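Q: I've got this model open and want to go through it with you. Can we start with the strands and then move on to the ligand?

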Amino acid sequence: MTAAPLLRQIVFTLLIGVAVGACAQNQPAKPSGYEPQVGQEGKDVVWVPTPQALVDRMLDMAKVTSSDYVMDLGSGDGRTVITAAKRGARATGIEYNPDMVELSKKNAAAAGVKEDRATFMKADLFETDFSKATVITMFLLPDINLRLRPKILDMRPGTRIVSNTFTMGEWEADVTETVSEGCTTWCTALHWIVPAKVEGAWKMAPGGELALTQTFQKLSGTLRNGGNTSPITEGKMRGDEITFKAGGTTYTGRVSGNTIKGTSPNGWSATK
Ligand SMILES: C[S@@+](CC[C@H](N)C(=O)[O-])C[C@H]1O[C@@H](n2cnc3c(N)ncnc32)[C@H](O)[C@@H]1O
């Protein structure tokens, strides 16, 4: 192991020392057999379970429903997948440690969750196609989140991402929440919505040219109409929903590929 990952593992392992006591009270009842240890080695990240109160909050933040397909990257003992399945969602855990995969299956069966709702794959999260998920949950590390970020940004606009504690570099979270009840460590979750890609020049109807610069969910640029050029302010994407202000008007619309269908003010649209 090179110095950086070793240091990373050491820092995480030291932090989990504080977490062990707190996590013990959050462990679901385990079927007898394999007993994982908080802080045990994982391929890229040690195992520390997300406190159940934060699992619940993470799924609340992502507004998980029975229409969702949730994937937990590095799924540990399966608690997030099992909780999502109990909400009626289809959910898959990706976990490198085969013992944890077996434990997750037992935990799911013990929780009365059907196999077609909660599945667990012994796989490397870096080698796994998670593009079909509508919700991604994770408790990894900042540099792993950064490595995953390009793949995540290529997911369908509107896909919800929730991370326990760790950030996504300069892609700021849309929402950050901390749970105080029933949680003493690892109690903060960050939530992002994958933005549609809108950077570039758009022709607006009934008239005008829209030049958009995009930094993740934030937009800037100009709206040119006849001889007037107005700066874009408060521009943002929420999945495929676009909002910006220009020349005193607030524009909202929905993006689909190379088309924007305006929703307010009435009757505007744009094409690339
Ligand atoms: C911090 S734990 C989080 C567990 C679970 N998601 C939770 O929130 O309770 C990280 C998990 O990722 C697993 N892991 C580490 N590297 C992995 C990789 N490359 N592919 C899949 N799983 C991995 C570890 O074995 C560990 O169970």
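**Strands, turns and ligand**

Q: Which residue in E11 is the bridge partner of Leu-223?
A: Ser-230 is the partner of Leu-223 in that strand. Before we go on, this is a predicted model, where local features need pLDDT of at least 70, side-chain atom pairs count only at pLDDT 80 or more, and totals for chains, interfaces and linings use all residues. Residues are numbered from 1 along each chain as its sequence is written, and side-chain values use heavy atoms, with hydrogens and water left out.

Q: OK, and how do E10 and E11 pair?
A: They're antiparallel, with four bridges between E10 and E11 (residues 228-231). Strands here are DSSP runs of E, at least two residues long, and helices are H or I runs of at least four, numbered from the N terminus; two strands pair if DSSP finds at least two bridges between them. Another pair of partners is Arg-224 and Thr-229, the latter in E11.

Q: What's in the hairpin of E10 and E11?
A: Two residues sit between the strands, and Gly-226 has a positive phi near 60 degrees.

Q: What about E9 and E10, how many bridges there?
A: Seven, joining E9 (residues 209-215) to E10 (residues 218-225) in an antiparallel run. Glu-209 faces Arg-224 of E10. That's a hairpin too, with two residues between the strands, and Phe-216 in the turn has a positive phi of about 55 degrees.

Q: Which other strand do two bridges join to E10?
A: E12 (residues 233-238), again antiparallel. Leu-219 has Gly-235 of E12 as its bridge partner.

Q: Switching topic: which residues does a cis peptide bond join?
A: Ala-205 and Pro-206, with omega about 10 degrees. Pro-206 is in the loop between E8 (200-205) and E9. Ser-264 and Pro-265 are also joined by a cis peptide bond, with omega about -10 degrees, and Pro-265 is in the loop between E15 (259-264) and E16 (269-271).

Q: And what's going on with phi of Lys-63?
A: It's positive, near 50 degrees, in a residue other than glycine. Lys-63 lies in the loop between helix H2 (52-61) and E1 (69-73). For background, most residues other than glycine have a negative phi, and most peptide bonds are trans.

Q: Which atoms lie 2.6 Å apart at Glu-95?
A: A ligand oxygen and an N or O atom of the Glu-95 side chain. That's a polar contact, meaning a pair of N or O atoms within 3.5 Å. A ligand nitrogen is 2.9 Å from a side-chain N or O atom of Asp-72, and a ligand nitrogen is 3.2 Å from a backbone N or O atom of Tyr-96.

Q: Is the ligand buried or exposed by area?
A: Buried: alone it exposes 590 Å², and the protein buries 99% of that (Shrake-Rupley areas, 1.4 Å probe).

Definitions and conventions
Polar contact = N/O pair within 3.5 Å; in protein donor to acceptor, adjacent residues only side chain to side chain.
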